[in-house]
Amino acid sequence: MSFALLFSGQGTQHPAMLPWLADDPPVRRTCAQLGVDDWRRALADPNWAERNDNAQTLLTGLALAAWGQLAPMVPSPAAVAGYSVGELAAFSAAGVIDPATTAALAPRRAEAMDRCAAHAPGGLLAVSGLAEQKLEQLRVEAGLELAIRNGNASVVLGGPIAALDDAERMAQAAGAQCTRLRVNVASHTPWMREAAESFSLALAEVPFHAPRVVLFSNAGDRIRDAKSARAALAAQIAQTVRWDECMENISARQVRCVLEVGPGQALARMWNQRYPAIPARACDDFRSADAIAAWLNSHAEP
């Protein structure tokens, strides 16, 4: 079997996500980190769910727990990548940072970003349906930065709230599809530069290792050693997430299928639109870990 593992970002978290996830010690430790008894009940409160610190801590902890429950049932992935905060879990799954340390880093990442947002409030706006040149013109006129590039005609723009409001009006007038993401920081833009620097100092205290499997990053292409892993994980907070390039790199590994670990099906859906000959599914599609393993095994080499 040759499969790729993708870890979701934040914004699509919901109480029914990962319906098969067992209440094991990593899940309970995540709840303890967050000061909640039941993470599903906590997610039912939109105000709680959309707080940056809660979302990043929860999603990282649950992704680590989910992969921890799946990993013994399947071979090692042929390639790994994470989308935005999903990189924390991806780097851990690739053997760069141990799971407990990774879980502890998530709130520190969120705290650094929230400090930036306190004096430079911002957010993110997904825009699709415009030609690349029109998208770039819209970005410049609104005074925003390119936060995430999912494809030539599908991007996420980041910046101050007023500029996002202007961009949304202009994009809709031009016939684009717009979605304001459920985040309250201008992630992956220069407005987060101080957060990237702060998180870099936190990462300097952490033991890093070379990846045990092929690992692609949002900001640094393929990660081959501990030094580049540490640099890339901090840099992506304030740099464009080049997700289209991550997908291209994974496709070049000639994987037979792709599994998204996290809430929703956004990454699987993007993959299937781009590479319909290589099936992708999301963990949210399944009712049990056994069913996920069976699906992956069904794509084993004959």
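Asp-165 is partly exposed, at 30% relative accessibility. By the cut-offs used here, buried is under 20% relative accessible area, exposed is over 50%, and partly exposed lies in between (1.4 Å probe, protein chains only). The model is predicted: local features need pLDDT of at least 70, side-chain atom pairs count only at pLDDT 80 or more, and totals for chains, interfaces and linings use all residues. Residues are numbered from 1 along each chain as its sequence is written, and side-chain values use heavy atoms, with hydrogens and water left out.

The side chain of Asp-165 meets that of Arg-180 in a salt bridge (2.6 Å, N to O). This term requires a side-chain nitrogen of Lys or Arg within 4 Å of a carboxyl oxygen of Asp or Glu. The pair links distant parts of the chain: Asp-165 lies in helix α8 (residues 161–173) and Arg-180 in strand β6, 15 residues apart. Helices (H or I, at least four residues) and strands (E, at least two) are DSSP runs, numbered from the N terminus. Arg-180 is also partly exposed, at 29%. Its side chain forms a further salt bridge with Glu-168 (3.1 Å, N to O). Here too distant parts of the chain are linked, with Glu-168 in α8, 12 residues from Arg-180 in β6. Glu-168 is buried, with a relative accessible area of 19%. Elsewhere, shared partners join Arg-149, Asp-221, Arg-242, Asp-244 and Glu-245 into one salt-bridge network.

The structure holds 16 salt bridges. One of them pairs the side chains of Glu-136 and Arg-139 (2.7 Å, N to O). Both residues sit in helix α7 (residues 132–142), three residues apart, so about one helical turn separates them. Glu-136 is partly exposed, at 38% relative accessible area. Arg-139 is buried, at 15%.

The largest pocket holds about 820 Å³ of space. Of its 38 lining residues, Tyr-83, Ala-126, Asn-150, Ala-266 and Met-270 are the closest to the centre. A pocket is an open set of 1 Å grid points, over the protein atoms alone, where a 1.4 Å probe fits, with protein on both sides within 12 Å along at least five of seven lines; lining residues have an atom within 4 Å of a point. Points are joined across faces, edges and corners, and the volume is that filled by probe spheres set on them. Helix α12 (266–274) gives the largest share of this lining, six residues. Elements that each supply at least two include α6 (99–119), β3 (122–128) and β4 (145–151). By class, the lining has 16 nonpolar, 16 polar and six charged residues. Nonpolar covers Ala, Val, Leu, Ile, Met, Phe, Trp, Tyr, Cys and Pro; charged covers Asp, Glu, Lys and Arg; the others, Gly among them, are polar.

The second largest pocket holds about 170 Å³. Its lining includes Pro-26, Arg-29, Gln-33, Leu-64 and Ala-103. Helices α1 (25–34), α4 and α6 each supply at least two lining residues. The largest share, four residues, comes from α1. This lining has six nonpolar, three polar and one charged residues.

In helix α13 (residues 289–297), Ala-289, Ile-292, Ala-293, Trp-295 and Leu-296 are buried. They cover an arc of only 160 degrees around the axis, which puts them on the same side of α13. The arc is taken from the directions from the helix axis to the C-beta atoms. Asp-290 also lies in α13. Asp-290 is exposed, at 56% relative accessible area. Its C-alpha atom is separated by 8.3 Å from that of Leu-70, 220 residues apart along the chain.
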